[in-house]
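Please look over the sequence and the model before reading on.

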Amino acid sequence: MMIEYLVLISCLGFLAFLIPGRHRKYAAIVGWVFIVLFLFATLPEYFAENNFLYPVMAVLSVPFLYITIKYLLAEDIRVHYLSRAAAIAFLIYFPFAIDDYTQVSALGTWLIGTVVGQVVWLLQAFNYPVTLEAWNIIAHNGFRVEIILACTGIQSIAIMLGVAAAVPTTLKQKIYAFLLVAPTIYILNLFRNVFVIMAYTDQWFPYYPDIAGNGEIGYESFFWAHNVIAEMLALVLLILIAYGLFTLIPRLGTFAEELFQLYYGEIMVAFGRSGGKKGPENSSPAPETGDIPAVTGEVSSRQEERAG
């Protein structure tokens, strides 16, 4: 339960960041620090599942955190945008995750139940018989798959909508971004669950137990289906969605390029090489109000200036 409170504190920090005031950079620092602590706290769980993507993310988060704190304190506009993206993502995600902190079944439980029903319907449409051993546990051939909040796609949806909200946009851009992100991820995630359940319960990939096994009978198929194939396809999907967002919101692409230059430049300096645009001198101070100025070097139209 302590791990969940790391997420809660991070969430509160990012939500406080959305409130105008001098405290914003410190609130963002709290948010980033505790999300990194969460990544490290969950390492045993991911190692037990032979999932190495998140441990790699945890290691990379250390230099990321150092650079982010450095430029938050310098009131760099680029990390201000980045923190806004994280804050919006938490604002979307937390109402679904609040079930973990209360005894009340709320949006998260409803979403899990909805996904379970739709996944079972799709499996039956593919003439794949399954049974429900519990409200969120799907079984076949003696193997069981539990559907949890992480299986609903809400995390990816929240993150990508947060990315879309990082820079000011018009109402039209907001609507198109939502339609690109939410339905696409939600529907494809249903088929992802169907694939994982079929691959695991029918043992499609019983290969390399020394790498993929964890002591559980048949776990190898779950490892390859869930931790490798589905993760790789999800990464490709998120990249394609990001490209779509950059097309819909050109300022977002400019921001992403500047953010890359910031972190890449800092890493190159750390290794004794020069490269990339870095330092507060390349950006304007972060604003204290909810109206965020344009990305460095970009001229905003009047319509964009009115966008939130």
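This is a predicted model: local features need pLDDT of at least 70, side-chain atom pairs count only at pLDDT 80 or more; totals for chains, interfaces and linings use all residues.

Residues are numbered from 1 along each chain as its sequence is written, and side-chain values use heavy atoms, with hydrogens and water left out.

The secondary structure of the chain consists of twelve helices and three strands; helices (H or I, at least four residues) and strands (E, at least two) are DSSP runs, numbered from the N terminus. The chain has 308 residues, and 47% of them count as buried. Here buried means under 20% relative accessible area, exposed means over 50%, and partly exposed lies in between (1.4 Å probe, protein chains only). Contact means heavy atoms within 4.5 Å. Among contacts between residues at least 6 apart in sequence, 68% join residues at least 24 apart.

In soluble globular proteins, nonpolar side chains tend to be buried together. A nonpolar core is a set of buried Ala, Val, Leu, Ile, Met, Phe, Trp, Tyr and Cys residues joined through side-chain atoms within 4.5 Å. The largest such core has 77 residues, of which Leu123 and Ile138 touch the most other members. Helix α5 gives the most to this core, with 13 residues. Not counting residues up to four places away in sequence, Ile138 touches residues including Val116, Leu123, Leu132, Phe143 and Ile197.

The second largest pocket holds about 230 Å³ of space. Of the 14 residues that line this pocket, Ile88, Leu161, Ala164, Ala165 and Lys174 are the closest to its centre. Two or more lining residues come from each of α5 (77-97), α7 (154-164) and α8 (171-201), and α8 provides the largest share, four residues. The lining comprises nine nonpolar, three polar and two charged residues. For these classes, Ala, Val, Leu, Ile, Met, Phe, Trp, Tyr, Cys and Pro count as nonpolar, Asp, Glu, Lys and Arg as charged, and the others, Gly among them, as polar. On a 1 Å grid over the protein atoms alone, a pocket is an open set of points where a 1.4 Å probe fits, with protein on both sides within 12 Å along at least five of seven lines; lining residues have an atom within 4 Å of a point. Grid points are joined across faces, edges and corners, and a volume is the space filled by probe spheres set on the points.

Helix α7 also contains Met160, which is buried because its relative accessible area is 7%. Leaving aside neighbours within four places in sequence, Met160 is in contact with Val181, Ile185, Leu238, Ile241, Ala242 and Leu245. Ile241 is 81 residues away along the chain, yet the C-alpha atoms of Met160 and Ile241 are separated by 8.1 Å.

Two loop residues complete the tour. Asn127, in the loop between α6 (107-125) and β1 (131-134), has a positive phi near 55° although it is a residue other than glycine. At 70% relative accessibility, Asn127 counts as exposed. Tyr208, in the loop between α8 and α9 (209-212), is not a glycine but has a positive phi of about 50°. Tyr208 counts as exposed because its relative accessibility is 57%.
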